[in-house]
Amino acid sequence: MNPQGVFCPNIECAARGREGCGNIGVHSRKEERYVCRECGKTFSASAGTVLYRLRTEGEQVTLVVTLLANGCPLAAIVKAFGYDERTVKGWWQRAGEHCQRVHEHLVEGRQLELKQVQADEIKAKVQGGSLWMAMAMMVCTRLWLGGVISPKRDYALIEQLVAKVRQMALCRPLLLAVDGLVSYVGAFQAAFRSPLPNHGRRGRPRLVSWPDIAIVQVVKHRTASGLEIARRIVQGDPALVTQLLHRSQDGAARDTDKEADKEAVINTAYIERLNATFRQRLACLARRTRHLVHQQATLTAAMYVVGCFYNFCVEHQSLRLCLSITERRYRWVQRTPAMAARLTDHCWTPAELLTFHVPPPRWTPPKRRGPPSKRTQALILKWAS
């Protein structure tokens, strides 16, 4: 037990979320508990993880969640391990809530140079209806940026997804590739705007659109002769679109310019491949299946578990780097989407993902009238920096 890499999870503690400050000590090695010297509270080493207060061994829970995240049927796990179906579903729901916190902290809490983003929707089957799952990904790193689930495929669903992308995007040249759904264009144009300072004048500030934002669409029509694909630029300069396609799809790294030009085509192939991965690992997303989703919360938990495993625990061959050892010898360095986006420095194991401690928000002084008390002043000097 190393208290240097541990923080206090108590939301009422002024030292919450801070590591290596000397306020954490070992309370009991047998029970694996720590103590915070600032607030005096003790807490378990598994607090804030999937394994907190579970009677089953952590290795078994991690193994079951890993099998579920890779598409193993629930009935097969119940039959093989002998656990009750409700117990396994409870672990799955716990893992989904934990992975959602990890994703919001490590992915949605960062700002990245996205270069190209592709978005699409998947239809999931539920009892008496359907649910729509809208997702987005960063093409150059294959990073899953997040998803939103709604009973309707309307503007509100797309607006929530676009808000997630807008939160993570730096003000850099960006290519947005979507299908023929009209809601995407209006949602992207409304989201990627910044307020212009009023300089003391009253009223709402004027919103100015971001420069170098390109929006393209891939519209597919099925006819009697076959499938017709129309590629069109809705917003942006064609030269900018070509440049962003080369930058985000590694067109400049091809052997010849001819191969680079062949790759630099407006498409939504990357998000469709990601959709295929989700369909393979979640039975309710398959096109022809008898598996149904009973609750929207279950599908949300499953989306975050599969998405986090995809980002942090799966090495992608398209992201590998060639490391030269000598003039004739080399080896490939495998990377995950999180490594390619510089969010982590190694490929996580499922146990690392399920036991990752998400820090609570830092303590801020309370807003009150009058001068702060001596205790508050001491806490500000010690922890507010």
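Reader: Which residues in α1 meet α9, and which in α9 do they meet?
Author: This is a predicted model, by the way. On the α1 side, the contact is made by Val65, Thr66 and Ala69. By class, the contact of α1 with α9 has 5 nonpolar, 1 polar and no charged residues. The partners in α9 are Val305, Val306 and Phe309.

Reader: At roughly what angle do the axes of α1 and α9 cross?
Author: Helix α1 covers residues 58–69 and helix α9 covers residues 296–312, and their axes come within 10 Å. Angles of 65 to 115 degrees count as roughly perpendicular, and α1 and α9 are therefore roughly perpendicular to each other. The crossing angle is roughly 90 degrees.

Reader: Which strands does α9 lie across, and at about what angle does it run to β6?
Author: Helix α9 lies across β4, β5 (129–138) and β6. Relative to β6, the direction of α9 makes an angle of about 175 degrees.

Reader: What is the strand order in the open sheet of 6 strands?
Author: Pairing in this sheet is mixed. Strands β6 (143–150) and β11 (227–235) stand at the edges with a single partner strand each, so one side of each has no neighbour in the sheet. From one strand to the next, the twist averages 20 degrees. The order is β6-β5-β4-β7-β10-β11.

Reader: How many bridges join β10 to β11?
Author: Strand β10 spans residues 213–222 and runs antiparallel to β11. If you want a spot to look at, find Ile215, which stands opposite Gln235 in β11. The number of bridges joining β10 to β11 is 8.

Reader: Which helix packs on the sheet, touching β4, β7, β10 and β11?
Author: Look at residues 238–248, which touch β4 (116–126), β7 (174–178), β10 and β11. The direction of this helix makes about 85 degrees with that of β7. The helix is α6.

Reader: Is Asn275 buried or exposed?
Author: You'll find Asn275 in helix α8, residues 269–281. Leaving out residues up to four places away in sequence, Asn275 touches Asp120, Glu121, Ile122 and Met135. Buried means under 20% relative accessible area. Asn275 has a relative accessible area of 4%, so the answer is buried.

Reader: Stepping back, what share of the chain's residues is buried?
Author: The chain has 12 helices and 13 strands, and its C-alpha atoms fill a box of roughly 70 × 70 × 60 Å along the principal axes. Its accessible surface comes to about 21,900 Å², with 48% of that belonging to carbon and sulfur atoms. Of the 385 residues, the buried share is 42%.

Key. Residues are numbered from 1 along each chain as its sequence is written. This is a predicted model: local features need pLDDT of at least 70, side-chain atom pairs count only at pLDDT 80 or more; totals for chains, interfaces and linings use all residues. Side-chain values use heavy atoms; hydrogens and water are left out. Axes are lines fitted to C-alpha atoms, for helices over the stretch in contact, and angles run from 0 to 180 degrees between N-to-C directions. Helices (H or I, at least four residues) and strands (E, at least two) are DSSP runs, numbered from the N terminus. Angles under 35 degrees count as roughly parallel, over 145 as roughly antiparallel, 65 to 115 as roughly perpendicular and the rest as oblique. Contact means heavy atoms within 4.5 Å. Ala, Val, Leu, Ile, Met, Phe, Trp, Tyr, Cys and Pro count as nonpolar, Asp, Glu, Lys and Arg as charged, and the others, Gly among them, as polar. Buried means under 20% relative accessible area, exposed over 50%, partly exposed in between (1.4 Å probe, protein chains only). Accessible areas come from the Shrake-Rupley method with a 1.4 Å probe; for residues, only the protein chains shown count as cover. Two strands pair if DSSP finds at least two bridges between them.
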